[in-house]
Each structure stands twice: as C-alpha cells, then as structure tokens.
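Welcome! Here is a short briefing to read alongside the sequence and the 3D view. Please keep both open as you go through the points below.

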Amino acid sequence: MSKTQTYLFSSESVSEGHPDKIADQISDAVLDAVLSQDPEAKVACETLITRGHVIAAGEIRTSSSPSLPLSDIIRSTIKDIGYTDPAFGLDYQDCDIRILIGEQSKEIITAVEHADGKIGAGDQGSMFGYAVDETPELMPLPISLAHRLVQKQAEVRKSGRLSWLRPDAKSQVTVRYVEGRPQAVTQVVLSTQHAPGISNRKITEAVRQEIIEPVIPENLRDRAISYHVNPSGSFEVGGPAADTGLTGRKIIVDTYGGSCPHGGGAFSGKDPTKVDRSASYMARWIAKNVVAAGLSRRCTIQISYAIGIADPVSFMVDLHGEGTVETEDLVSAVREIFDLTPAGIIATLELRRPIYRQTAAYGHFGRELPDFTWERTDRAADLRRYLGLDGENHPPALT
C-alpha cells in the first residue's frame with residue numbers, strides 16, 4: 001500500500017474458549033507435559049474437538065519413555081479455560097477423550113539428528129517475523145487491540161463481573177491509516193457466547209461498558225466509531241457444540257493479524273526442532289530488535305529452511321523503504337549477531353522449556369511475558385554497534 005494512501009485495515013482475534021484455540025491449548029499442554037519430563041523430546045500433537053469429543057493425535061518420541069496422564073492433562077486444560085458445564089458447549093468431566101499418538105518416523109529422526117551432533121531443520125518451509133512501531137510492544141495496532149478485547153472478555157467472565165458470559169468469543173478491530181500511520185479505530189466487532197435469557201440490549205450495553213471502552217483508548221476512537229456486539233443476534237450455543245475446533249487453524253490470529261506475509265506452518269503442539277515454530281520466534285526477535293534499534297519503523301524478516309539442513313537456505317530483510325541503514329549492511333549484521341541454525345535458535349531463546357501453553361491464546365507475539373524470550377530487545381544495542389550507529393548524527397534507538 002502507498003504511504004500516502006488512506007485505507008482501512010482490520011484484524012481479528014478469538015478467545016481462549018474458541019474451539020480452535022481450545023485445540024491449540026490442548027496440543028501445547030501435551031507438549032509442555034512431555035518437555036517437563038524430557039526437554040529433548042520430539043513432539044507433534046494435533047487436537048480435534050467436536051461436540052462432546054476430543055481427539056489428540058500425532059507423534060511423540062522421548063529418551064526416557066515417560067508415563068504421562070494425557071487424558072488428565074487434557075481435562076485440566078479444558079477446565080482452566082472454563083468449560084465446566086455441558087450447557088457451555090463442552091464439559092471437562094464428561095467429554096470423551098481419545099489418544100491416538102504414535103512414534104516419530106525414523107526417517108525424520110535420521111534427517112534431523114546428524115551423526116556429528118548437529119540438529120537439522122525438522123521440516124522445510126518459510127517463516128516470517130514482523131515488528132512495527134505502532135504500539136509499545138512493536139505490534140500492529142489492529143491485532144494488538146483485537147487480542148486485548150478477548151483477553152478482557154475472559155477477565156470479566158472469570159472474575160464474575162459479567163457472570164452470564166461464556167468462554168467462546170471473537171473480536172475484530174478496524175483501523176484507519178493515513179500515510180502509513182494508524183489514525184483512528186472506526187469499527188469494533190465483539191461476539192460473545194452468553195447464558196440463555198439475556199437480552200441483546202443488556203449484552204450490548206455491558207460489553208460496551210465493561211470490555212470495549214476500557215480497551216479502546218478514547219483518543220483513538222473515530223468520532224463515527226461503530227460497535228457491533230453480537231451482530232448475528234443470540235449466541236447461546238457456542239464452543240465445540242457449535243463449531244469443530246482444530247489445532248493450527250488460527251495462524252493469522254497467532255501472528256500479526258495479516259499485516260505481513262505469512263508462512264504455511266502452524267505453531268501449537270510442535271517441539272522447537274520444528275522450525276515452523278522456532279524460526280518464527282527467531283524472526284520476530286530479529287524484527288523487533290531492528291525496530292527497537294531505530295533502524296526502521298517497520299521490519300519484515302523471512303527465513304527459509306530445508307528438512308535436515310541446519311543453515312537457512314535463504315534469509316531476507318525488508319525495511320519497507322523506511323530503513324535508516326543499507327539493507328545489505330543490516331543483513332550482514334543480523335547474520336553475525338543471530339545464530340539462525342535450529343540448535344542456535346533453541347539455545348538462544350531457551351525453547352526446550354515447558355512454556356508453550358501460554359502462547360496458545362491471545363497471540364504468540366506482542367506479550368512481554370518472562371518466558372517469551374523472543375519479545376526481548378536485548379540485541380538492539382549490538383545491531384547499532386555493529387553498524388557504527390552510536391554517534392550523534394544517527395537516529396536514536398527506541399526507548
């Protein structure tokens with residue numbers, strides 16, 4: 001899009017109680033449980049959820065063959081999300097759970113684990129990372145606000161402040177941009193499951209007062225802003241009773257809300273040797289440090305791999321015409337400072353820890369939680385030093 005163009009851009013998010021997100025959280029809860037017993041384990045867990053049924057399938061390989069109560073882990077995850085009553089669309093106590101997990105293919109093992117001890121990429125693919133100075137967390141404004149809306153929905157639901165809310169919810173935020181900068185929020189959509197017998201008027205008023213207005217800053221609201229609360233009408237039937245859930249079906253919600261290119265691989269349920277996940281975290285870390293270093297307002301990173309090969313087959317930096325340094329020089333700096341091999345990514349970002357269930361709702365990026373090592377900006381100063389930008393005549397880093 002032209003920087004001088006005025007346009008609208010929308011991003012959506014979904015709550016932790018959305019069927020696809022239940023599936024993501026179960027897959028990552030299984031991953032965390034396995035990694036807690038064997039940090040070197042290889043895991044690929046997919047979850048399917050439908051009315052009254054949960055199926056967890058995939059491959060797990062461990063060195064110690066740990067015994068894990070996977071059914072209990074799944075039930076606990078569903079309970080934590082809030083599905084504690086059959087009327088909500090799923091009940092953690094009574095749902096049928098099937099575990100269909102086998103061992104990892106020996107051919108994949110051979111490709112990934114080299115005889116010299118190096119780790120090859122667990123699959124081929126292209127991964128993207130992005131950062132932009134629209135928000136303090138260096139995320140696009142539409143997806144940042146969309147995540148905060150469904151987080152707020154969960155907060156007021158779990159606190160009992162709006163006790164008639166149910167776990168399933170979706171949000172969407174539309175922002176008007178002028179000359180490439182966000183100017184105002186023009187539309188907000190918030191659809192939330194609710195208890196029977198609650199009028200649309202009561203839902204609209206309460207959601208606006210307790211969820212939307214606390215999240216959307218007054219100075220960002222367009223004078224003609226529109227709020228669409230449960231625009232389809234009654235939303236009593238939700239969760240898996242209304243819609244099947246599947247791991248990896250919300251990859252745009254998981255990342256940048258469509259603001260940048262996207263790779264084909266999902267994240268949840270995969271151990272960090274799968275570069276779909278780990279290299280996407282590395283790409284975000286690089287992009288965020290580039291923007292934090294004041295080297296560009298926006299930065300897109302692409303890293304591509306071939307299965308079994310440790311070094312990337314390609315690496316690209318796009319500063320969107322807004323860079324303060326030559327792209328070629330920045331590429332050299334990044335390749336010197338960041339280790340892009342799977343082993344280097346895993347070690348630097350400390351990815352063999354059981355940290356993944358918390359990534360599986362409200363976005364893998366933009367939340368500066370202690371375990372989200374890819375959200376650090378600790379290499380911004382290194383980039384500036386390598387590029388010789390510590391003098392007075394160069395743009396400062398972000399503070």
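Leu-138 is buried, because its relative accessibility of 7% falls under the 20% cut-off. In this predicted model, Leu-138 sits in the loop that links strand S7 (125-132) to H4. Leu-138 is not a glycine, yet its phi is positive, at about 60°.

**Another positive phi**

- Tyr-362 also has a positive phi, near 70°, and is a residue other than glycine.
- You will find Tyr-362 in the loop between helix H9 (342-349) and helix H10 (380-386).
- With a relative accessible area of 9%, Tyr-362 is buried.

- Lys-21 belongs to helix H1, which covers residues 19-37.
- Is Lys-21 buried or exposed? Lys-21 is buried, since its relative accessible area of 1% is under 20%.
- Leaving aside residues up to four places away in sequence, Lys-21 touches Val-14, Ser-15, Glu-16, Lys-250, Asp-254, Ala-360 and Ala-361.
- Ala-292 is part of helix H7 (residues 275-292), and with 8% relative accessibility Ala-292 is buried too.
- Ala-292 and Pro-136 are 156 residues apart along the chain, while their C-alpha atoms are separated by 10.0 Å.

**The four-stranded sheet**

- In which order do the four strands of the open sheet run? The order is S1-S8-S9-S10, with mixed pairing.
- Strand S1 (6-14) and strand S10 (221-229) are at the edges; each has a single partner strand, so one side of each has no neighbour in the sheet.
- From one strand to the next, the twist averages 15°.
- Strand S9 (residues 181-194) and S10 run parallel and are joined by five bridges.
- Along this pair, Val-185 faces Arg-221 of S10 as its opposite residue, and Val-188 stands opposite Tyr-227, also in S10.
- To get from S9 to S10, the chain passes through helix H5 (residues 200-215), making a right-handed β-α-β crossover.
- Helix H4 (residues 141-159) lies across S1, strand S8 (165-178) and S9, and runs at about 155° to S8.

**How H1 meets H2**

- H1 packs with helix H2 (residues 70-81) at an angle of about 135°, and the two axes are 9 Å apart.
- On the H1 side, the residues in contact are Ile-22, Gln-25, Ile-26, Ala-29, Val-30 and Ala-33, and they meet Leu-70, Ile-73, Ile-74, Thr-77, Ile-78 and Ile-81 of H2.

**How H4 meets H5**

- The axes of H4 and H5 come within 9 Å, crossing at roughly 145°.
- H4 and H5 form a right-handed crossing.
- H4 brings Leu-145, Arg-148, Leu-149, Lys-152, Gln-153 and Val-156 to this contact, where they meet Glu-210, Ile-211, Ile-212, Pro-214 and Val-215 of H5.

Key
Residues numbered from 1 in each chain as written. Predicted model: local features only at pLDDT ≥ 70, side-chain atom pairs only at ≥ 80, totals over all residues. Heavy atoms only, no water. Helix = DSSP H or I, 4+ residues; strand = E, 2+ residues; numbered from the N terminus. Buried < 20%, exposed > 50% of the residue type's maximum accessible area, 1.4 Å probe, protein only. Contact = heavy atoms within 4.5 Å. Pairing = 2+ DSSP bridges. Axes fitted to C-alpha atoms, helices over the stretch in contact; angles between N-to-C directions. Right-handed = clockwise from strand over helix to strand, strands pointing away. Left-handed = near helix turned anticlockwise from the far one by under 90°.
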